[in-house]
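Biologist: Could you walk me through this one? I'd like to start with the helices and then look at the ligand.

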Amino acid sequence: MWNTPAPGYSLVARVTVRRCNPGDAPELGLVFRCDRTSPGAIVEGIGYTKHIALMLPPNGHSGRDVTDATRPWLDSMIDDPYVELRRAMVDAQIRRRGIADERVLAAMENVPRHEFVPPQYKSKAYQDEPLPIGGGQTISQPYIAAAMTAALRLGGRETVLEIGTGCGYQAAVLSLLAQKVFTVEWRAELARGAEENLQRLGFRNVQVGCGDGSLGLAEFAPYGAILVAAAAPALPAPLLEQLDEGGRMIAPVGREEHQHLLLVTKTGSTWSTEKRDSCRFVPLLGQHGWKPWELL
Ligand code: SAH
């Protein structure tokens, strides 16, 4: 059905819009036919499918909103030569390693990682490794990004805080699974680059800030989920305080050269901690992170 376009159309993208409003069947999506002569324009809806090719931010969309709000994103999906590489990445590196949450897998399949890395690393964007993003920092290995995202068990309505924006990739993944993402980056140059990436690709429900994320972001607290993307010597107290009742936080905690992901669940004013994958992140600097003189 999908590979036989009607006369006059070229089927260049299968776009599945998953509505994440309460009561929607989670696997149900509306598929649109797109026309190559006006990339990004949705020509007509052609049916329902279980296959999720593109998942929109879950803050409710009418058909019309879809074209307006996601044009840059659709443009990047149409003619995207990396679609197959991304699908293979999700299968081999993520699904096969035990991550089964379909929403997380769909998000990973739909964020163009190659658009976030420096041009010289585009060809490596879907490999099983972290990559340099400038300023001595790295974008996490895809599996780690997926494992951290899955651990947060996002339902679609949360306000999420990310510490350590880097190039903005992880924030983009989170933005497909939550209502709103605030992300804080220490380095101004990276924050600017991430903001530019997210704008260009149409991730509109992400707000990038620059500063010491070890202090959290009290202004918009509490958060349903917090993801710390840099290694902390201990769980930063302000982040625990800014976590909502029932909220979850995932953070790499440990020594400078080796950490474990800790999953924190807050209940009332206390929290429980569960040790997950071992990992190696760049250090979290700042008041509740490492001090420059403590680092090797
Ligand atoms: N999530 C990112 C990768 C993060 S790398 C992505 O998807 O690309 C870790 C980032 O944390 C680095 O960019 C580093 O500059 C930043 N960082 C370190 N200490 C920080 C702090 N106190 N507040 C905010 N960001 C910090």
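Modeller: A word on naming comes before anything else: helices here are DSSP runs of H or I with at least four residues, numbered from the N terminus. Please also keep in mind that this is a predicted model.

Biologist: At what angle do α2 and α4 pack?

Modeller: Helix α2, residues 83–95, packs with helix α4, residues 142–151, at an angle of about 70°, and their axes are 9 Å apart. Angles of 65 to 115 degrees count as roughly perpendicular, and α2 and α4 are therefore roughly perpendicular to each other. Their crossing is right-handed.

Biologist: Which residues meet there?

Modeller: From α2 there are Met-89, Gln-93 and Ile-94, which meet Pro-142, Tyr-143 and Ala-146 of α4. Sorted by class, this contact has 5 nonpolar residues, 1 polar and no charged ones.

Biologist: Switching to the ligand, which residues come nearest?

Modeller: There are 26 residues around the ligand, and Gly-164, Gly-166, Gln-170, Gly-213 and Gly-286 come nearest. The elements giving two or more residues to this shell are β5, α5 and β7, and the largest share, 3 residues, comes from β5.

Biologist: How do the shell residues divide by class?

Modeller: The shell around the ligand has 13 nonpolar, 10 polar and 3 charged residues.

Definitions and conventions:
Residues are numbered from 1 along each chain as its sequence is written. This is a predicted model: local features need pLDDT of at least 70, side-chain atom pairs count only at pLDDT 80 or more; totals for chains, interfaces and linings use all residues. A residue is near a molecule or strand if its C-beta atom, placed from the backbone, lies within 6 Å of it. Ala, Val, Leu, Ile, Met, Phe, Trp, Tyr, Cys and Pro count as nonpolar, Asp, Glu, Lys and Arg as charged, and the others, Gly among them, as polar. Axes are lines fitted to C-alpha atoms, for helices over the stretch in contact, and angles run from 0 to 180 degrees between N-to-C directions. Angles under 35 degrees count as roughly parallel, over 145 as roughly antiparallel, 65 to 115 as roughly perpendicular and the rest as oblique. A crossing is left-handed if the near helix is turned anticlockwise from the far one by less than a right angle, and right-handed if clockwise. Two residues are in contact if their C-beta atoms, placed from the backbone, lie within 7 Å.
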